[in-house]
Amino acid sequence: MAGKAEMDFTYSSLDQIFRLSIGETGDYSGAKYDGNFSLTLEEAQRAKHAYIVEQLRIGPGSKVLDMGCGWGPFIRYAKEEAGIHCIGLTLSEGQAQSCRQKGMEVYLKDCRTVTPEDFGTFDGVVSLGAFEHFCSVEDYQAGRQREIYHAFFKTVSQLLPVGGRCYLQTMVFGKNMIPYEDIDSKADPYSDAYIMSLMLKQFPGSWLPYGSEMVIREAEPMFKLINISSGRLDYIETLRQWKKRFKRFSLKKYSLYFRKFITDKAFRHKVAVFGIDANKICFERELMEHYRMVFEKV
Ligand SMILES: C[S@@+](CC[C@H](N)C(=O)[O-])C[C@H]1O[C@@H](n2cnc3c(N)ncnc32)[C@H](O)[C@@H]1O
């Protein structure tokens with residue numbers, strides 16, 4: 001599994017630059033364009049939030065848990081637009097601090113270990129872009145992938161009443177994923193083997209589920225699937241929009257960037273492995289897929 005060190009590498013190292021580029025409470029997960037790319041990124045993220053509230057059948061007065069809350073975009077939407085109290089959990093120090101400064105109830109805590117004793121039970125659970133980090137390459141190699149996902153759904157199940165819903169958004173490996181043994185950082189640049197090796201460097205400690213089928217099977221028998229849609233093409237557009245916003249000039253951001261580049265070795269490493277749009281290429285080649293899933297506790 002990816003722990004706090006990996007989450008700090010992946011997220012905290014980007015903290016200020018992310019907020020200056022995408023927004024103080026920006027989403028760091030695929031938006032919901034539903035193929036309508038005339039929407040702005042912000043409109044498509046908002047459409048995703050509205051869809052979650054509708055699918056979870058929650059509203060004013062509901063209590064919701066956001067497992068892997070990032071910089072708090074759903075927590076903010078839930079409070080301001082739907083009157084919902086949402087508690088967030090993250091393993092990134094930078095994200096937790098930023099959320100708390102904005103008055104959000106966010107804890108630095110591994111969401112896979114939450115019990116009803118921690119915060120009580122909830123009317124709904126959401127998790128966007130965190131499931132990708134639950135299983136590491138080592139876990140996969142040791143044959144622990146299925147049990148990790150199953151344990152996660154058991155945890156969620158204990159937090160919900162019967163009929164309560166969970167919205168899960170995650171990347172999975174796609175139909176063209178190559179065998180693990182073929183991943184090779186010395187292969188031709190832009191080959192699948194090389195691109196996948198970059199993904200492993202960008203997201204240390206993280207290995208994806210094999211298709212939505214694997215996720216759905218491990219959610220059983222606690223949950224039944226209510227709704228599923230692919231967000232692969234929407235994610236490609238999201239990545240395009242992020243890139244534009246990261247590049248957009250601001251004196252504060254660029255000074256910070258160069259200062260960090262000179263003084264912070266981990267940041268230099270991150271910039272180096274993010275040079276190629278590996279994530280976008282993985283979606284384009286269908287090495288990776290992306291799903292939005294709504295589960296209901298039975
Ligand atoms: C890609 S970001 C998505 C953030 C947010 N959900 C959004 O849509 O903007 C992944 C988030 O999952 C969190 N995360 C990953 N594994 C976690 C774990 N075991 N416990 C708590 N948070 C976790 C990271 O800290 C990060 O906040």
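Helix α5 (residues 93-101) lies across β2 and β3, running at about 155 degrees to β3, where contact means heavy atoms within 4.5 Å and angles run from 0 to 180 degrees between the N-to-C directions of axes fitted to C-alpha atoms, for helices over the stretch in contact. This is a predicted model, in which local features need pLDDT of at least 70 and side-chain atom pairs count only at pLDDT 80 or more, while totals for chains, interfaces and linings use all residues. Residues are numbered from 1 along each chain as its sequence is written, and side-chain values use heavy atoms, with hydrogens and water left out.

**Sheet and helices**
- Helix α11 (residues 232-247) lies across β5 (165-173), β6 and β7 (288-297), and runs at about 120 degrees to β7; helices (H or I, at least four residues) and strands (E, at least two) are DSSP runs, numbered from the N terminus.
- The open sheet has seven strands in the order β3-β2-β1-β4-β5-β7-β6, with mixed pairing, and two strands pair if DSSP finds at least two bridges between them.
- Because β3 (106-108) and β6 (223-230) stand at the edges with a single partner strand each, one side of each is left without a neighbour in the sheet.
- Strand β1 (residues 63-67) pairs with β2 in the parallel sense over five bridges, and aspartate 66 stands opposite glycine 88 in β2.

**A buried helix**
- Eight of the 11 residues of helix α9 (residues 192-202) are buried, so this helix is largely enclosed by the rest of the structure; buried means under 20% relative accessible area, with a 1.4 Å probe and protein chains only.
- Among the buried residues of α9 are Tyr194, Met196 and Gln202.

Definitions and conventions
Buried < 20%, exposed > 50% of the residue type's maximum accessible area, 1.4 Å probe, protein only.
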